[in-house]
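The sequence and the structure are shown first.

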Amino acid sequence: MNQLEDMVAVVTGGASGIGRGIAEILATKGANVVVADIDIAGAKKTASLVESFGRESLAVQADVTDPRGTDGMISNATSVFGRVDILISNAGVGGAPDFYKRESPSEEDWDVTYATNVRGIVNSIESVQDTMINRRSGKIVVISSASGRRGRGDAMKPYAASKAAAINVSQAYALRLAPSNINVNTICPGLIWTPLWDKIAQLRLAIDGSQPDKSPRQYFEEFVLDTIPLGREQTPSDIGKLTAFLCSDQARNITGQAINVSGAGAQIFN
C-alpha cells in the first residue's frame, strides 16, 4: 500500500546503514526522498536506490551539526519539491574519529557525539518546523538507540548518553509541536549491523584481546545470540517499516513516544 503517496521526506544520515534502509522503505510506500548526509557520494547512491522504485529523489550534502547546514537542507528540499512532509533525524556518530580504538572516551568523543546526536536533532527540527507549522501538518521521527535506555560504563558512554538525550529532546518537541498537528516520535533500534557496529565490534575485540582470529561480524553475531531474546539481529528495513507507519495517517494520534525495535533486548543491552 502506498500509504505515503507523493509525500516528501528528508532523511538525515541517509548515505548508508539505517538511513539508507529507511529511505528505501519510504520509497516503497510512495514517498519522494531527500537524502541528506555529509557523505555526498553515499547520499547519491541512496538517491539512486530511491529512484529505482519509481520515486523522485534528491541528494544534498548537509552537516547537521551546523544550523546553516540543516537550513540549507530544508531550503533545497522545498525549492525542488515545494514542501517537506516528513523529517527523519537519523544522522549519528559513535564518537570522534578512531573512537573505537580507545578503551575510554576522550573529551573530543563527548563533544563530537553530542554535536551530531543531540544538536543535530535540534538543528534539523528547528530548520523544518516553520514550514510544517505553517501547513499545520508534519511527521518527525528521531532515530535513537536501545543504548539510550540504560547507562554504560565503557567507551560508548558518550553515545549512550546522547541517545538518551535524543529521546528526551524528541519528547520535548512532541509537546511543543502537537498544537500544530505535528507528530514527533522516536525509534530505538537494537542490534543492527552497520558501519558503526563494525567499529564497536573492533573496539570490543581489541579490549578483550583473547580472540585475535574472530572477525567483527562474528563477534556481532555471537553478541546477538547472547543478548537478544528473539535470537536474531534487527535490520535497517525493520526500522524503515516502523518509520513508515509513524509517518502515515494510521499513526495520527501517536506522538511523544519512544518505541524499541530490539527483539526484546533493550532491557539487557550492554
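Rings of Phe, Tyr and Trp (its six-membered ring) count as a pair if their centres lie within 6.5 Å. The model is predicted, and by this rule 6 aromatic pairs are found in it.

**Aromatic pairs**
- Phenylalanine 99 and tyrosine 100 make an edge-to-face pair, because their planes are at 85 degrees, with 5.7 Å between the ring centres.
- Both phenylalanine 99 and tyrosine 100 are buried.
- The pair of tryptophan 197 and phenylalanine 223 is tilted, with 40 degrees between the planes and 5.6 Å from centre to centre.
- Helix H7 (residues 195–208) holds tryptophan 197 and helix H8 (residues 216–227) holds phenylalanine 223, so this pair ties together parts that are 26 residues apart in sequence.
- Tryptophan 197 is buried at 6% relative accessible area, and phenylalanine 223 is buried at 10%.

**Aromatic cluster**
- One aromatic cluster is formed by Trp193, Trp197, Tyr219, Phe220 and Phe223.
- Over the face of phenylalanine 223 lies arginine 204, at 4.9 Å from the ring centre.

**Nonpolar cores**
- The largest nonpolar core has 29 residues, and those touching the most other members include Leu4, Ile22, Ile143 and Ile239.
- Among the elements that give two or more residues to this core are strand E1 (8–12), helix H1 (17–28), strand E5 (138–143) and helix H9 (236–246).
- Helix H1 contributes the most to this core, with 6 residues.
- Beyond its neighbours within four places in sequence, isoleucine 143 contacts residues including Ile18, Ile22, Ile88, Lys163, Ile187 and Thr243.
- Another core, of 28 residues, lies apart from the largest one and includes Val34, Ala36, Val60 and Ile74.

How values were computed
Residues are numbered from 1 along each chain as its sequence is written. This is a predicted model: local features need pLDDT of at least 70, side-chain atom pairs count only at pLDDT 80 or more; totals for chains, interfaces and linings use all residues. Side-chain values use heavy atoms; hydrogens and water are left out. Rings of Phe, Tyr and Trp (its six-membered ring) pair if their centres lie within 6.5 Å; planes under 30 degrees apart count as stacked, over 60 as edge-to-face and the rest as tilted. Buried means under 20% relative accessible area, exposed over 50%, partly exposed in between (1.4 Å probe, protein chains only). Helices (H or I, at least four residues) and strands (E, at least two) are DSSP runs, numbered from the N terminus. A charge sits over a ring if NZ of Lys or CZ of Arg is within 6 Å of the ring centre and within 35 degrees of the ring normal. A nonpolar core is a set of buried Ala, Val, Leu, Ile, Met, Phe, Trp, Tyr and Cys residues joined through side-chain atoms within 4.5 Å. Contact means heavy atoms within 4.5 Å.
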